[in-house]
Amino acid sequence: SFNTRMKNGVTFQGGTSTGQTVTDNCEIKAKLPESGATNPYCHTATGFITQFRGLGSYTVPRVDVQFSATFQSLPGPSLSATYSASNAEVKGSLGRDLSNSATSVSVNLLAPGSMYGDRLNQLDLRIAKILRIGRTRTNVGVDFYNAFNSAAVQTYNGTFVPGGTWPVPTAILPARFAKVSMQLDF
C-alpha cells in the first residue's frame, strides 16, 4: 500500500493484496470415507486472488473546488454448482436407498475455487465546492457512484438444474447514480 500527500494539495492512496486458500482434508476422508460422500473434493486451492484499491483527491487553490475519485478492482465471486440428486438417481451407484429416508442429497459439481465470475471494477467520483463565510465552512458536493455503470455480478445462485440457466445472477452492482450533499461546519 502507499499513501502520498503532496505540497500542492494532491493526495494519493492505494494498494493491492493477493493470496490463496488451500484446504486439504484427504487424510480424514481416507480414514472416514462417509464424511465426504457427496463432496469428492478433499484438496482444493483457490489460486491467487488479487484485488486493487486506490483513491486520489485535489483541492483547486483560490476557488476551493475539490475533485476526488476512488477505484476498486475486485475478483469475481466464486461459482458453485450444487445438484440435488434424487434417491432414485443415487440408488444405482450407491447400491441402496439414502439413509434416514432422505429423498435427495446435494452433490457439488464444481471443485471449490475452480471457477469465478467476472471481475468487478468500480469508479466513484466527487466534485465539491467549499464556501467560507466568517467562521463557518460549507461543503456542497455531488457524488457519482459506479461511473462506469458496470453491471458486474456480485453473487450467483449456485443451484444446478439440468437444462436450467445456471449460473443465475442474484445480485449485481447498483446502477450509476448521483447524490447531492452539503456539510456545514461551525
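A residue is taken as buried when its relative accessible area is under 20%. In this predicted model, Asn-87 has a relative accessibility of 19% and therefore counts as buried. Asn-87 is placed in helix H2, which covers residues 87–94. Its side chain forms a polar contact with the side chain of Asp-97, at 3.0 Å. When residues up to four places away in sequence are set aside, Asn-87 touches Asp-97, Leu-98, Ala-102, Thr-103 and Ser-104.

The overall form of the chain was examined next. The secondary structure of the protein chain consists of 2 helices and 14 strands. Its radius of gyration is 26 Å, whereas a compact globule of 186 residues would have a value near 16 Å. Along the principal axes, the C-alpha atoms fill a box of roughly 85 × 30 × 30 Å. Of the 186 residues, 21% are buried. The accessible surface amounts to about 12,500 Å², and carbon and sulfur atoms contribute 58% of this area. Charged side chains number 16 positive and 10 negative, with the centres of the two sets 16 Å apart.

Among contacts with a separation of 6 or more, 60% are between residues 24 or more positions apart. The C-alpha atoms of Val-65 and Val-140 lie 9.6 Å apart, although the two residues are separated by 75 residues in sequence.

Backbone geometry was then considered. Most residues other than glycine have a negative phi, and most peptide bonds are trans. Ser-101, which is not a glycine, has a positive phi of about 55 degrees. Ser-101 lies in the loop between H2 and strand S8 (104–108), and its relative accessible area of 70% means that Ser-101 is exposed. Asn-146 is likewise not a glycine and has a positive phi of about 55 degrees. Asn-146 is located in the loop between strand S10 (136–145) and strand S11 (153–157). With a relative accessibility of 1%, Asn-146 counts as buried, whereas Ser-101 is exposed.

The peptide bond that joins Trp-166 and Pro-167 is cis, with omega about -10 degrees. Pro-167 is placed in the loop between strand S12 (159–160) and strand S13 (168–172).

Terms used. Residues are numbered from 1 along each chain as its sequence is written. This is a predicted model: local features need pLDDT of at least 70, side-chain atom pairs count only at pLDDT 80 or more; totals for chains, interfaces and linings use all residues. Side-chain values use heavy atoms; hydrogens and water are left out. Helices (H or I, at least four residues) and strands (E, at least two) are DSSP runs, numbered from the N terminus. The radius of gyration is taken over C-alpha atoms; the globule rule is 2.2 Å times the number of residues to the power 0.38. Buried means under 20% relative accessible area, exposed over 50%, partly exposed in between (1.4 Å probe, protein chains only). Contact means heavy atoms within 4.5 Å. Accessible areas come from the Shrake-Rupley method with a 1.4 Å probe; for residues, only the protein chains shown count as cover. Lys and Arg count as positive and Asp and Glu as negative; His and the chain ends are not counted. The place of a charge is taken as NZ of Lys, CZ of Arg, CG of Asp or CD of Glu. A polar contact is a pair of N or O atoms within 3.5 Å; within protein, one must be able to donate a hydrogen and the other to accept it, and residues adjacent in sequence count only if both atoms are side-chain atoms.
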